[in-house]
Amino acid sequence: MADPTAQMGLHMGKSAFDAGQQYLESNMNRWVNVASLKHYFNVSNSYVVSKLRLVLFPWWHRPWSRTQHLSHNGGQDFGVYAPPREDINSPDMYIPLMALVTYILFSTLLAGLRRTFHPELFGLTATTALVVVFLEIAIIRLAMYLLSINNESQLLDLVAYSGYKFVGVILTLLLSEIANRGGGSGGWVGWGVFIYTFAANGFFLLRSLKYVLLPDTSPNTNSGQAYTASRSHRQRRTQFLFIYSFPLQFLFMWILTRDSVPTAVLTGSK
Amino acid sequence: MAQYGYPPQQQATPNLQFYQSSYSQQPVSGHSTPFQAYNNAGASSSGYANTGFGGGFGAQPGVSGRMGDQGGLRTGWLAAFGTEGYDGEPPLLEELGVNFGHIKMKTLSVLNPLARMDQHIMDDADLAGPVLFFLLFGFFLLFSGKVHFGYIYGLGALGSLSLWGVFSLMAPPTVSDASSTQHEHPSNLLSTLTFGRSTSVLGYCILPLVFTSLVGIAVPMDTFFGYIITSLAISWCTYSSSAMFCAVGRMSQMRVLVAYPLALFYGLFGIMAIFSSRGSGVLEAKATAGHPI
């Protein structure tokens, strides 16, 4: 590359390209914080397998707290949560995202097998699922405001926690479809798997959201505020946690596993 | 390499006007375009910029607006129908950046399931091969009776965009960004997995499905045999594309996670292939005969 003109031109081109890239990214960073989003996708094979097992069989798992690294930044150290690759208890966004997409594609596939497919079904299923997630986040945020829970947990953490139920929903749809041979998701097998995955999901949320919703009562926390919550306050929070983990999840999971066509039409009986 | 003449006066302001070319006749070597030169030097990170700008500079010689004047075209009606151009002009394919050797190498690494993926295999991500494969897929489906070009474009565009988004989030930030300063944003979004490279990988790895659609012209795919062949093709596509993505994005221990959305993507194409082949009327007949609604 001996030619100086071409070299200069290439250099100009490269710096123009870099400037454009930076402009694009600074605009992107106003809306979406890519660096923190990457934290949620920093997963590995073993993490995903263990996490799926944890969502479906949470009964025997022992420590549920997330590990923290201490990082020193500008003189003060604060805790930074470990990425999902290193910490099984950390919520990630890979599983919820893939579970959501699989749920949409799978329920559309089931509709195709029942010959009730129409292209709007993609949009319908996607909207239903997203509305469910949105409602859950809204309810948790409202409760955090009303019960004055001062927790600065990230929004994406809550989205991740509410996305784990799709794993159970997909399992319910799959197993009931196999067992009922296309007759919908009712019947013994369908309801049995549904109740089991609902219970597992409820237990998982109970244990995980404890750290989000309930105040940290250990004496050696290094959070700045030292507040004393009254006993009824704490009781109310625990009650909300329970209501959120069980009845609400029952409602939402039932919405997601509904058949779109009543089974009487499918089996031909009137 | 052709010499470009500089204007003799060099002002204080850096010359924003381009040179007046009065280049001498010199034969073109194999390293004429900057694109080729950079490729042979093995620069990986600037490959993206080079394809845009290197080719342009290679075409500059001789465009001085004065025909037949200096070192230019031969005149006369015989030369007008000939294919010679200016002296020292690189061949057309080289100028366009279509490198058949690279295309062949990438295709062979897709077809050979035992090959190890080189990390720099996608440094010159070209879209010529992928576009060819997608068009072949569409044409084979056309020959078997169904016109699905719209679905291929739509699914291809939407799928490749979302797959690029997910994989660039999953890929670790590049080493140069990690070592760069803390107080300025590392360029997380683009890293080593640019959209061009990602689309290129997706397009190359659809080759087994192209073969399946070729088979589907003659043999109906709705049968058990057809399902087996299509599933085999989908898993082959997924296997090779997950290997390529993990190599290009420098991802470690993530291969199964990368393979899952790719399996969904190629699975949708496979469904297109199954329900387009010659025997697809069989499914409809079975459906309407069994359940009168």
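Predicted model: local features only at pLDDT ≥ 70, side-chain atom pairs only at ≥ 80, totals over all residues.
Colleague: Which side chain meets that of A:Lys14 in a salt bridge?

Modeller: A salt bridge requires a side-chain nitrogen of Lys or Arg within 4 Å of a carboxyl oxygen of Asp or Glu. The partner of A:Lys14 is A:Asp18, at 3.7 Å from N to O. A:Asp18 is partly exposed, at 34% relative accessibility. Helices (H or I, at least four residues) and strands (E, at least two) are DSSP runs, numbered from the N terminus. Both residues belong to helix H1 (residues 4-31) of chain A and are four residues apart, so about one helical turn separates them.

Colleague: How many salt bridges are there over all chains?

Modeller: The count is four. One of them joins A:Asp157 to A:Arg66, at 3.1 Å from N to O. This pair links distant parts of the chain, 91 residues apart: A:Asp157 is in helix H6 (residues 155-163) of chain A, and A:Arg66 is in the loop between helix H3 (45-56) and strand S1 (68-73). A:Asp157 is buried at 6% relative accessibility, and A:Arg66 is buried at 17%.

Colleague: Which residue forms a salt bridge with B:Lys106?

Modeller: The partner is B:Asp126, with the closest N and O atoms 3.0 Å apart. B:Lys106 lies in helix H5 (residues 100-111) of chain B, whereas B:Asp126, 20 residues away, lies in the loop between H5 and H6. Both B:Lys106 and B:Asp126 are buried.

Colleague: Which residues make the nonpolar surface patch of about 760 Å²?

Modeller: A patch of this kind joins nonpolar side chains (Val, Leu, Ile, Met, Phe, Trp, Tyr) within 5 Å, from residues with over 30% relative accessible area and no salt bridge. Here the members include B:Leu127, B:Phe139, B:Val147 and B:Tyr153. Helix H6 (residues 128-143) of chain B gives the most, with five residues. B:Val147 sits in the loop between H6 and helix H7 (149-170) of chain B, and B:Val147 is exposed, at 59% relative accessible area.

Conventions:
Residues numbered from 1 in each chain as written. Chains lettered and ligands numbered in written order. Heavy atoms only, no water. Patch = residues over 30% accessible without salt bridge, like charges linked within 9 Å, V, L, I, M, F, W, Y side chains within 5 Å. Areas by Shrake-Rupley, 256 points an atom, 1.4 Å probe, with all protein chains shown as cover. Buried < 20%, exposed > 50% of the residue type's maximum accessible area, 1.4 Å probe, protein only.
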